[in-house]
Amino acid sequence: MREEDSGSLRSLRESNRERVVQALRVLGVASRAEVARWTGLSRSTVSSIVTELLAAGIVVDRADDGRSSSAGRPPALIALDPAAGIAVGVDFGKRHLAVAAADLSHRILAEEWVEIPEDYQAEEGIDQAADLVETVLADSEADSERVLGVGMGLPGPVHRSGVVGSSAILPGWAGMPWAERLAERLGLRVWLGNDANLGALAEGTWGAGRGTGAFVYLKLATGIGAGIVIDGKLFEGAGGTAGEIGHTTLDETGEICRCGGRGCLETYAAGAAIARMLSHSRGEDLDVDMVLSRAAAGDPACRRALLEAGRHIGVAVANLCNLVNPERIVVGGSMGYAGDLLLDPLRESVGLRAIPSAAEDVEIVPGELGERAELLGAVALVLHDAGPAWSGRAPAMQQAATAETKTSRARVRS
Ligand SMILES: [Zn+2]
């Protein structure tokens, strides 16, 4: 490209710098080649921008973090100055509250989990979360001036407006802007995400989705949801509710679902549906965890229920593979602990039903982060600066529009 105008050359250079900084926010510790791949910029452009950023102290050299190959010289690794910003994540579960803090090189500095009574009120949850955020920041010895914001994870639909949709897991939370409330309480920016999207962000950042451009995180628990990552970015759809795979119709004449639809996947294969079915046939009150532990101990009815759930889920996943053509499906959530008992019939069902090319392209693997996936995903929301955020009494630093500005201002304050 011939570029006559030096003004637009400068702005091109600036936007390329922003892309490099954004790539490092998403990748954490990376080689220059990985940054080039992520940004689509040439290796020489990336090298020269990184040299500038190193000189400015925005980027630092990182010693080998253990991923060097057996043969040859390991690639030189770089990261954003870890001291320049802290990202906090909060995960609201059905019976737990968890908070973690990480630096800009994606290192987790502190993490706390507390049990919380089932059916706690949203207001109480927000109060407890705010206290726990303060504890974690104190544990991580973080300078509170450097906190970029807080990611907040909820197990239910979250609209882009910040209003929480109706959820079977946190019934009292619907219809209210809780992210705004937490932002006010903490005086920090707050990003909001649902559990499946957060699982996708976390597995893409630290776990089984790392290094893949197109993958889907499937959360199999009380309900069924999916987080879709395309070109390395979370695909949220028009209103932020993409990925509701649990409400894919399997039978137009089936049972009416909690969403108002009929014959949804969840009515056959969600943890709640399986537990209900087995409770009925056993005449005792079972939950998903009990079904899983009995299946592991060899109980034939519990094993059958999980096997059939895997097949049903595979039907919906096959349709998803035809539409999205993902490289990997990462299976998380409590039902994921069933392992191959559930994954083998799921894989078989996808192999039978997806078009051959889509079925060949996809690999179906268990998640690597277990119950930490949502919490780490909430941290990643802040690290990636993903989507809209709600402001509290925003200190000047949090108003900054780009990661780079945030990084450099934080340095000035240090
Ligand atoms: Zn439904």
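Which residue in β14 is the bridge partner of Val 190? The model is a predicted one.

The protein has 414 residues, and 45% of them count as buried. Its secondary structure consists of 15 helices and 14 strands. Among the contacts with a separation of 6 or more, 64% are between residues 24 or more positions apart.

One of the sheets is open and has 6 strands, in the order β6-β5-β4-β7-β8-β14, with mixed pairing. The strands at its edges are β6 (108-115) and β14 (389-390); each has a single partner strand, so one side of each lacks a neighbour in the sheet. The partner of β14 is strand β8 (residues 190-194), and these two pair in the antiparallel sense over 2 bridges. This is where the opening question is settled: the bridge partner of Val 190 is Trp 390 in β14.

Further along this sheet is strand β4 (residues 86-92). All of β4 is buried, 7 of its 7 residues, so the strand is largely enclosed by the rest of the structure. Both of its faces are covered.

With strand β5 (residues 96-103), β4 runs antiparallel, and 7 bridges join the two. Ala 87 has Ala 102 of β5 as its bridge partner. The chain passes from β4 to β5 through a hairpin of 3 residues. With strand β7 (residues 147-154), β4 runs parallel, and here 6 bridges make the join. Ile 86 has Val 147 of β7 as its bridge partner.

Helices lie across this sheet. Helix α4 lies across β4, β5, β6 and β7, and it runs at about 35 degrees to β5. Helix α6 (residues 195-206) lies across β7 and β8, at about 105 degrees to β8.

Helix α4 (residues 122-139) also meets helix α5 (residues 178-186): their axes come within 10 Å and cross at roughly 40 degrees. The two helices are therefore oblique to each other. Their crossing is right-handed. On the α4 side the contact is made by Ala 122, Ile 126, Ala 129, Ala 130 and Val 133, and on the α5 side by Trp 178, Arg 181, Leu 182, Arg 185 and Leu 186. Of the residues in this contact, 8 are nonpolar, 2 are charged and none is polar.

Another open sheet is formed by 3 strands in the order β1-β3-β2, with antiparallel pairing. Here β1 (30-31) and β2 (59-62) stand at the edges with a single partner strand each, so one side of each has no neighbour in the sheet. Strand β3 (residues 77-80) pairs with β2 in the antiparallel sense over 4 bridges. Within this pairing, Arg 62 stands opposite Leu 77 in β3.

Technical notes
Residues are numbered from 1 along each chain as its sequence is written. This is a predicted model: local features need pLDDT of at least 70, side-chain atom pairs count only at pLDDT 80 or more; totals for chains, interfaces and linings use all residues. A residue is buried if 20 or more other C-beta atoms lie within 10 Å of its own, exposed if 12 or fewer, and partly exposed in between; C-beta atoms are placed from the backbone. Two residues are in contact if their C-beta atoms, placed from the backbone, lie within 7 Å. Two strands pair if DSSP finds at least two bridges between them. Axes are lines fitted to C-alpha atoms, for helices over the stretch in contact, and angles run from 0 to 180 degrees between N-to-C directions. Angles under 35 degrees count as roughly parallel, over 145 as roughly antiparallel, 65 to 115 as roughly perpendicular and the rest as oblique. A crossing is left-handed if the near helix is turned anticlockwise from the far one by less than a right angle, and right-handed if clockwise. Ala, Val, Leu, Ile, Met, Phe, Trp, Tyr, Cys and Pro count as nonpolar, Asp, Glu, Lys and Arg as charged, and the others, Gly among them, as polar.
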